[in-house]
Amino acid sequence: MSQQRISTQCIHAGYTPGNGEPRNIPIVQSTTFRYATGEQMGALFDLEASGYFYTRLQNPTNDHVAAKICALEGGTAAMLTSSGQAANFYAIFNIVSCGEHVVASSAIYGGTYNLFAVTMKRMGIHFTFVEPDCTGAELEAAFRPETRAVFGESIANPALTVLDFEKFARAAHAHGVPLIVDNTFPTPVNCRPFEHGADIVTHSTTKYMDGHANTVGGAIVDSGKFDWDAHADKFPGLTTPDESYHGVTYTQRFGLEGAYITKATAQLMRDFGSIPSPQNAYYLNIGLETLPLRMARHCENALAVARFLKNHPKVSWVSFPGLEGDKYYELAQRYMPGGTCGVVSFGVKGGRKAASRFMAGLKLASIATHVADAKTCVLHPASTTHRQMSDAELAAAGISPDLVRLSVGIEDIADILADVEQALAEV
Ligand code: PLP
């Protein structure tokens, strides 16, 4: 059978039941797996045989769901993590050590920024942040001899900038390092970073993939295309024997297609243990089955909201990469022509107070520190997550006092628009 389309993969990839076996991915709720002899178990420990022995490293339910996400992204290997934060941490730490360096877009999720700029810095890993719209020369200037990766978000949360994949991939590859892309917002339904030069993709599956605000989770996918051996001096963890794992050399034993994820599983999952529960992986899979249907609806509704806001007299500005005339419209058309995401940012005339009044007036949309699930929700950073900051401090953090982030859900668009309209009338 020819390569299945993404809607079919969302239903079927990663798990093919045998005769008389469960049609749904079974939840293997077991920490351990039984073997008849110590030798059999020993072969698993030595990575000489494949199989399960302890769920902190691998679990069949999790692996089926990871295999589905791998197929959706067009990768060669994938793993689930217990959160998007864990996915981004593992993705970098798997190939970057103390004393080394990463170039990252400055337009990234605040939690990821903190992980990089504060926590990983304490581990001796340094980041240089560059504007997503920087020139080639500015990007080039950010590299150092000890740079080991480049990182960006395909659509940044909450800035809604679209990554210029080719610019970032070209620079990364010229320096012999991989481009790692967090593809949470568009999902592989709308954007496939491997087709535009990315080497590793990460996800907060907590967002559209789960899609119902049920479970926190993450995923890492390897394209299998980055040639670690060609830059062996930069990546000794993959290209020389791992003494903590019986002397295995990951690229030799697992090839370019499996080395990166096997190392992340065997070393990082073993030592940090951020594994999702099989039950959560099962819920995630239910979300994945309807991802294309939901993404289409999220995007359609968000575009209608963005157009409505653009023409509203009480709205000062609108940011949505799917909106004609948006600063990132052209890049979005190039990299995600079928749709972007369901998140729209905008400013309410009258600043912090007016935005606050708008929020209070909403009846259908809930105020929530979340984005990207079925229910429309809204956040006004200046009166919630960033309420302790002055307007000047907000500006320095790139957040205007009037900024409202609306995560447009999949309710009937007439009801969403009516809610936004009546709340704006209250301002
Ligand atoms: N990446 C992006 C783009 C996000 O928006 C988030 C969370 O909002 C994360 C990563 C972190 O994911 P999680 O909350 O699942 O740890």
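The structure is a predicted model, in which local features need pLDDT of at least 70 and side-chain atom pairs count only at pLDDT 80 or more, while totals for chains, interfaces and linings use all residues. Residues are numbered from 1 along each chain as its sequence is written, and side-chain values use heavy atoms, with hydrogens and water left out.

The protein chain comprises domain 1 (6-285) and domain 2 (292-425), with bounds taken from an automatic or database domain assignment. A distance of 30 Å separates the C-alpha centres of domain 1 and domain 2. To their contact (heavy atoms within 4.5 Å), domain 1 contributes 30 residues and domain 2 contributes 29 residues. About 2500 Å² is buried between domain 1 and domain 2, and carbon and sulfur atoms give 63% of this area. Buried area is the accessible area (1.4 Å probe) that two parts lose on being put together, summed over both.

One salt bridge is found across the interface of domain 1 and domain 2, a salt bridge being a side-chain nitrogen of Lys or Arg within 4 Å of a carboxyl oxygen of Asp or Glu. K327 and D133 form a salt bridge in which the closest N and O atoms are 2.9 Å apart.

On the side of domain 1 that touches domain 2, at least two residues each come from α1 (6-12), α7 (165-174) and α8 (187-190). Helices (H or I, at least four residues) and strands (E, at least two) are DSSP runs, numbered from the N terminus. The largest share of this side, three residues, is supplied by α8.

The ligand is surrounded by 15 residues, the closest being N157, D182, S204, T206 and K207; the criterion is a heavy atom within 4 Å. In the side chain of T206, an N or O atom is 2.6 Å from an oxygen atom of the ligand. For G84, a backbone N or O atom lies 2.9 Å from a ligand oxygen atom.

The peptide bond from N157 to P158 is cis, with omega near 5°, and P158 lies in the loop between β4 (147-153) and α7. L47, which is not a glycine, has a positive phi of about 60°.

Key. A polar contact is a pair of N or O atoms within 3.5 Å; within protein, one must be able to donate a hydrogen and the other to accept it, and residues adjacent in sequence count only if both atoms are side-chain atoms.
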